[in-house]
Amino acid sequence: MADQTLDAKGLNCPLPILKAKKSLKEVPAGGTLEVWATDPGSVADFQAFCRMTGNELLEHDEADGIFRFLLKKPASG
Amino acid sequence: MTIESNEVASGGSRSMSIIVTKGSLDWAYPPFILSTTAAAMGLEVTMFFTFYGLPLLLRDLDPKISTLGNPAMKMPMMGGHMGMPNIVSMLPGVEQATSKMMKNLMNKKGVASIRELRDLAVEADVRLIACQMTMDLFEYSLDDMIDEAELGGAATYIEAASQSDINLFI
């Protein structure tokens with residue numbers, strides 16, 4: 001179970017990323033955030049977001065048109 | 001902007017500047033989408049609002065869209081895509097109606113409003129510079145603009161741009 005979840009279904013670019021950034025503030029260091037989205041562009045975007053920000057994309061998958069991302073915040077900073 | 005742990009992890013903050021020269025509803029999206037996303041990805045962002053981009057800093061924000069001289073603008077309609085002949089675009093009320101249609105469509109498709117994106121930019125400490133010359137030219141005062149707008153000129157922009165990794169003109 002992730003430390004925080006974010007339901008970004010129905011939202012279009014760039015809202016899933018912007019809301020994920022906000023939700024990550026509520027996640028403790030080393031904790032996880034689970035995001036649900038329906039924007040197909042979010043697959044490439046969450047990968048790029050994680051590469052740039054030092055968050056780790058632990059998992060991402062798709063079922064019934066819903067994309068699920070599991071992000072892990074860096075342990076320390 | 002506060003440096004957060006994830007930004008340190010990526011090797012320090014990078015930066016981006018955007019010159020915003022257009023203020024219609026459609027042209028307002030790219031600069032605000034890119035500035036908010038860049039800020040979310042840890043970049044320090046400066047936006048310089050000049051000429052017709054300046055009204056995007058007004059407290060009373062209400063960007064409109066025109067189909068006039070915009071042949072590539074085709075709206076989804078009855079299963080296809082339809083444009084509008086210029087002679088119709090010129091009629092009174094068409095700009096209002098088209099703007100309303102576009103805003104409804106954006107709302108239906110989960111696209112953020114320009115006001116929402118601007119609020120997010122403010123929240124993310126995006127630096128918003130109002131071009132002094134344009135303010136003077138079009139007779140605006142800083143009181144007409146949102147509190148976060150600051151006054152600046154070409155030199156202010158060049159200083160920010162010379163320190164930025166990405167510089168865009170939109």
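1. Burial in chain A. In this predicted model, 35% of the 77 residues of chain A count as buried, where a buried residue is one that has 20 or more other C-beta atoms within 10 Å of its own.

2. Fold of chain A. The secondary structure of chain A comes to two helices and four strands, and along the sequence these follow the pattern β-α-β-α-β-β. The radius of gyration of chain A is 11 Å, close to the 11 Å that the globule rule gives for 77 residues, so chain A is as compact as a globular protein of that length. Its C-alpha trace spans about 35 × 25 × 20 Å along the principal axes, and among contacts in chain A with a separation of 6 or more, 58% join residues 24 or more positions apart.

3. The contact between the chains. Chain A brings 18 residues to the contact and chain B brings 16 residues. On the side of chain A that touches chain B, the elements giving two or more residues are α1 (15–24) and α2 (42–53) of chain A, and α1(A) gives the most, with four residues. This side of chain A divides into nine nonpolar, seven polar and two charged residues.

4. The largest nonpolar core. This core has 51 residues, and those that touch the most other members are Val35(A), Ala39(B), Met47(B), Phe49(B), Leu57(B) and Ala130(B). Helix α2 (residues 25–40) of chain B provides the largest share of the core, six residues. Leaving aside neighbours within four places in sequence, Ala130(B) is in contact with several residues, including Phe49(B), Leu57(B) and Met145(B).

5. A helix of chain B. Helix α4 (residues 94–108) of chain B has 15 residues and reaches 21 Å from its first C-alpha to its last, close to the 21 Å expected at 1.5 Å a residue. After α4(B) comes Gly110(B), whose phi is positive, near 70°.

Technical notes
Residues numbered from 1 in each chain as written. Chains lettered and ligands numbered in written order. Predicted model: local features only at pLDDT ≥ 70, side-chain atom pairs only at ≥ 80, totals over all residues. Contact = placed C-beta atoms within 7 Å. Nonpolar A, V, L, I, M, F, W, Y, C, P; charged D, E, K, R; others polar. Expected span 1.5 Å × (residues − 1). Core = buried A, V, L, I, M, F, W, Y, C linked by C-beta atoms within 7 Å. Buried ≥ 20, exposed ≤ 12 C-beta atoms within 10 Å, placed from the backbone. Rg over C-alpha atoms; globule rule 2.2 N^0.38 Å.
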